[in-house]
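Please work through each task with the sequence and the coordinates at hand before reading its solution.

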Amino acid sequence: MRISIPISAFVAAIVGFGGTLAVVIAAAKAVGATQAETASWVTALCLAMAIECLWLSWRTKMPIITAWSTPGLALMAASTGFTMADAVGAFIVTGILLIATGLFKPLTQLIAKIPASVASGMLAGIVVTFALNAVKTIPVDPWLILPLIAAFFVIRLFNPALSVLAVLIGGGIAAFLTGRVGGLPAPELSTLTLIAPHFSAAAIIGLALPLYLVTMASQNLSGLAVLRAAGYHPEPGQLIGVTGLFSLLSAPFSGSTTNLAAISAAICTGPDVHPDPAERWKTGPFYALAYLIFALFGASLVAIFAVLPQSLIVLVAGLALMGSLANALSIALKDEDQRMAATVTFVVTASGLTLFGVGAAFWGLVAGLVVLFLEALKKR
């Protein structure tokens with residue numbers, strides 16, 4: 001056991017949690033979640049991730065790191081017209097789809113066949129709203145926001161993984177010291193809130209299906225690629241199936257989808273963790289321990305976010321997704337033959353179009369695939 005193993009695990013957990021918690025808050029707000037339901041959301045996610053990482057890392061002897069679906073949360077935060085009960089129903093359906101994907105290999109292969117350009121165009125269309133909203137916070141509170149943006153781009157030159165976390169902590173301290181925060185809430189332990197699901201065609205097509213697609217295309221496939229790049233050969237079905245199972249179990253408590261991590265996993269799978277790849281699986285239990293701690297104090301963390309300036313939360317969410325936006329755009333526009341299809345996907349998704357009660361992410365994907373199909377017919 002090297003000290004680098006727990007350090008890497010805790011750094012990955014802190015970066016993953018603190019850097020994207022604002023996106024969870026934004027998603028919860030979009031579906032009308034109360035503060036108690038939001039706290040339950042965070043707690044359920046953290047518990048699911050802790051158990052997944054502990055079990056899968058021990059079982060496979062690989063550093064299996066999971067995370068909540070940040071692109072999926074961004075999708076929810078950009079949606080309108082859905083309730084918390086609709087969201088829980090969508091989480092349940094998504095969990096079942098992930099379990100089915102883990103059990104039936106052809107489903108994984110089918111998702112993998114969705115062109116990367118179109119999938120990335122959809123993801124870029126989802127997250128671009130957050131980047132635009134981050135810029136819009138400047139005139140709201142320029143003396144707080146502008147220094148934080150400058151700090152973000154300076155810090156990311158040296159440590160991209162910690163840049164968002166630094167903005168969150170630095171912005172919170174600045175807001176407190178300058179009187180923008182009235183006072184910090186009293187510490188409290190987390191509780192889980194059971195919510196009855198509501199199933200509707202609009203929520204299944206507009207939330208569950210896009211959530212499943214972005215989770216698979218943007219998270220699980222990337223997470224598998226990180227593991228393979230580190231020299232591991234995981235069985236995709238087992239990993240996806242287990243994350244789907246715990247997504248299903250956490251859904252009634254507001255827990256959205258969990259999946260294989262990419263950025264957090266990269267911190268835990270490289271040679272800096274341990275020179276022997278066979279020893280790196282031990283980061284999993286330490287990562288799980290960190291998320292158990294987050295689960296215990298999830299209510300307090302959500303309460304702190306509730307008293308912070310809204311402009312700061314919007315800024316942190318936008319900056320947290322800036323890297324995802326840049327990567328998605330570069331992949332979407334890389335292949336010249338698929339560039340128009342990717343652009344159409346991006347535009348339709350970013351438009352916020354709602355048709356027949358179904359959200360823009362689904363229509364963006366459909367539009368891109370139709371354009372791709374038409375161009376393929378022309379070539380024939």
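**Exercise 1.** Determine which residues of α16 and α17 meet, and describe how the two helices are arranged.

Solution. The model is a predicted one.

Step 1. On the α16 side, the contact consists of Met-340, Ala-341, Val-344, Thr-345, Val-348 and Thr-349. These meet Ala-360, Ala-361, Trp-363, Gly-364, Leu-365, Ala-367, Gly-368, Val-371, Leu-372 and Glu-375 of α17.

Step 2. Sorted by class, the residues of this contact comprise 11 nonpolar, 4 polar and 1 charged.

Step 3. Helix α16 spans residues 339-351 and helix α17 residues 360-379; their axes come within 8 Å and cross at roughly 160°. Angles over 145 degrees count as roughly antiparallel, and α16 and α17 are therefore roughly antiparallel to each other.

Step 4. The handedness of the crossing of α16 and α17 is right-handed.

**Exercise 2.** Describe the packing of α3 against α9, giving the angle and the distance between their axes.

Solution. Step 1. Helix α3 (residues 70-77) packs on helix α9 (residues 201-229) at an angle of about 150°, and the axes lie 8 Å apart. This angle makes α3 roughly antiparallel to α9.

Step 1. Where α3 passes α9, the crossing is right-handed.

Step 2. From α3, the contact draws on Thr-70, Pro-71, Gly-72, Leu-75 and Met-76. From α9, the residues are Leu-207, Pro-210, Leu-211, Val-214, Ser-218 and Gln-219.

Step 3. The contact of α3 with α9 contains 7 nonpolar and 4 polar residues, with no charged residues.

**Exercise 3.** Is Thr-70 buried or exposed, and which residues does Thr-70 touch, not counting residues up to four places away in sequence?

Solution. Step 1. Thr-70 belongs to helix α3.

Step 1. The relative accessibility of Thr-70 is 12%. Buried means under 20%, so Thr-70 counts as buried.

Step 2. With residues up to four places away in sequence left out, Thr-70 touches Thr-20, Val-23, Gln-219 and Leu-321. Gln-219 also takes part in the contact between α3 and α9.

**Exercise 4.** How many salt bridges does the structure hold? Characterise each pair.

Solution. Step 1. Side chains of opposite charge can pair when their charged atoms come close. The structure holds 2 salt bridges.

Step 1. One of them joins the side chains of Asp-141 and Arg-180, at 2.7 Å from N to O. Asp-141 sits in the loop between α6 (116-136) and α7 (142-158), and Arg-180 in the loop between α8 (160-177) and α9, so this pair ties together parts that are 39 residues apart in sequence.

Step 2. Asp-141 is buried, at 14% relative accessible area, whereas Arg-180 is partly exposed, at 31%.

Step 3. Glu-279 and Lys-282 also meet through their side chains in a salt bridge, with an N to O distance of 2.6 Å. Glu-279 is partly exposed, with a relative accessible area of 23%, and Lys-282 is likewise partly exposed, at 21%.

**Exercise 5.** Locate Leu-239, and state which residues Leu-239 touches, not counting residues up to four places away in sequence.

Solution. Step 1. Leu-239 lies in helix α10 (residues 236-250).

Step 1. The relative accessible area of Leu-239 is 1%, so Leu-239 is buried.

Step 2. Apart from residues up to four places away in sequence, Leu-239 touches Leu-56, Thr-60, Ile-64, Leu-224, Leu-227, Pro-234 and Leu-260.

Step 3. For Leu-239 and Asn-159, the separation is 80 residues in sequence and 29 Å in space, C-alpha to C-alpha.

Conventions
Residues numbered from 1 in each chain as written. Predicted model: local features only at pLDDT ≥ 70, side-chain atom pairs only at ≥ 80, totals over all residues. Heavy atoms only, no water. Axes fitted to C-alpha atoms, helices over the stretch in contact; angles between N-to-C directions. Helix = DSSP H or I, 4+ residues; strand = E, 2+ residues; numbered from the N terminus. Parallel < 35°, antiparallel > 145°, perpendicular 65-115°, else oblique. Left-handed = near helix turned anticlockwise from the far one by under 90°. Contact = heavy atoms within 4.5 Å. Nonpolar A, V, L, I, M, F, W, Y, C, P; charged D, E, K, R; others polar. Salt bridge = Lys/Arg side-chain N within 4 Å of Asp/Glu carboxyl O. Buried < 20%, exposed > 50% of the residue type's maximum accessible area, 1.4 Å probe, protein only.
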